[in-house]
Amino acid sequence: MNTTPSWSPLVITPQDAGVEASAAGLLRVVGDTAAISDQLVKEKALIFRGFGVTEETLDPVMDELLPNRLAYVHGNSPRTKVGKNVYTSTEYPQEFTISMHNEMSYAAAWPARLLFFCQKAAATGGATPVTDSALWLASLDDEVREAFGGGVRYQQNLHDGLGLGKSWQDTFETTDRGVVEEFLTRTEAEYAWQRDGSLRVRQIRPATAVHPVTGDEVWFNQSDQWHPAGLGDDTAAALAQILSADELPQSVTFADGSPIPDATILQIRDRGLEHARDCDWNTGDLMLIDNMLVSHGRRPFTGTRRVLVAMSD
């Protein structure tokens with residue numbers, strides 16, 4: 001199999017755009033929102049480099065690129081909220097790779113765009129790999145694509161403040177059970193409060209999606225990240241010693257409840273990474289991606305790395 005990525009994001013610099021190297025210059029570029037939207041669909045991901053953006057000058061740029069900034073409600077990754085619907089990127093141990101995924105592809109609704117901002121680049125490593133989601137789908141064996149034809153079933157066990165994974169309060173950014181129940185009812189998820197105050201959520205979702213503009217069918221689920229096999233042998237074995245499959249913070253099966261074989265999960269994870277293009281960060285870089293056309297992850301790093309992320313519909 002040819003694993004050389006055939007696509008990479010478009011890098012835009014002040015010289016390319018014919019503007020000054022400043023946040024004000026970038027605002028002139030992204031202020032043409034229709035042109036940016038067309039370019040994003042065509043290129044799938046855009047990197048803005050050399051404009052000298054800082055956290056203090058970031059908000060106006062985000063307002064142009066993300067016209068309806070979304071809260072990370074029902075998000076499964078550990079993050080810290082640092083501004084108006086602005087979050088740290090996934091707070092996962094820096095020595096590990098985060099595999100490819102489309103943000104919130106397990107949910108009933110997902111962000112159309114993601115914007116990453118590199119406030120501080122890592123000493124070494126820390127690239128954000130990105131993969132063409134249509135290419136990822138095409139790279140899977142025929143029998144794997146066919147097996148997922150009926151979709152997948154996700155399950156979350158969200159604790160009440162103490163336990164593995166995220167609490168339901170952090171997940172839904174509220175302490176009001178009624179708000180949570182209204183949200184889950186609206187998204188047609190099954191849910192049940194447990195005696196210990198935790199919340200179990202189940203939902204069946206498609207494994208692929210069709211982009212509303214391009215018509216491309218893309219791989220669009222997080223089965224490999226929700227399955228123990230995708231965590232690595234040591235982590236999966238450790239979890240199995242303390243929790244049954246039904247008690248894991250998150251898990252996934254085929255839509256009919258039958259288990260997904262470990263080998264299938266490993267193929268999905270590995271093919272996504274094989275086709276990824278690593279995007280190394282410079283402090284001040286921004287990357288805008290179409291969340292359906294492109295999946296993303298994270299490479300291991302050393303030193304201090306701070307990348308912020310925001311989302312919009």
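Student: What makes Asp 285 count as buried or exposed in this structure?

Tutor: In this predicted model, Asp 285 has a relative accessible area of 1%, and since buried means under 20%, Asp 285 is called buried.

Student: Why is the contact between Arg 49 and Asp 285 called a salt bridge?

Tutor: The closest N and O atoms of Arg 49 and Asp 285 are 2.8 Å apart, and because the rule asks for a side-chain nitrogen of Lys or Arg within 4 Å of a carboxyl oxygen of Asp or Glu, the pair qualifies as a salt bridge. Arg 49 sits in the loop between strand 2 and helix 4, while Asp 285 sits in the loop between strand 15 and strand 16, 236 residues apart.

Student: How do you know which class Arg 28 and Glu 20 belong to, buried, partly exposed or exposed?

Tutor: Arg 28 has 53% relative accessibility and counts as exposed, because exposed means over 50%, whereas Glu 20 has 37% and is partly exposed. The side chains of Arg 28 and Glu 20 meet in a salt bridge at 2.8 Å, N to O.

Student: What makes the pair of Arg 200 and Asp 246 a link between separate parts of the chain?

Tutor: Arg 200 forms a salt bridge with Asp 246 at 3.0 Å between the closest N and O atoms. Arg 200 lies in strand 11 and Asp 246 in the loop between helix 10 and strand 14, so the pair ties together parts that are 46 residues apart in sequence.

Technical notes:
Residues numbered from 1 in each chain as written. Predicted model: local features only at pLDDT ≥ 70, side-chain atom pairs only at ≥ 80, totals over all residues. Heavy atoms only, no water. Buried < 20%, exposed > 50% of the residue type's maximum accessible area, 1.4 Å probe, protein only. Helix = DSSP H or I, 4+ residues; strand = E, 2+ residues; numbered from the N terminus.
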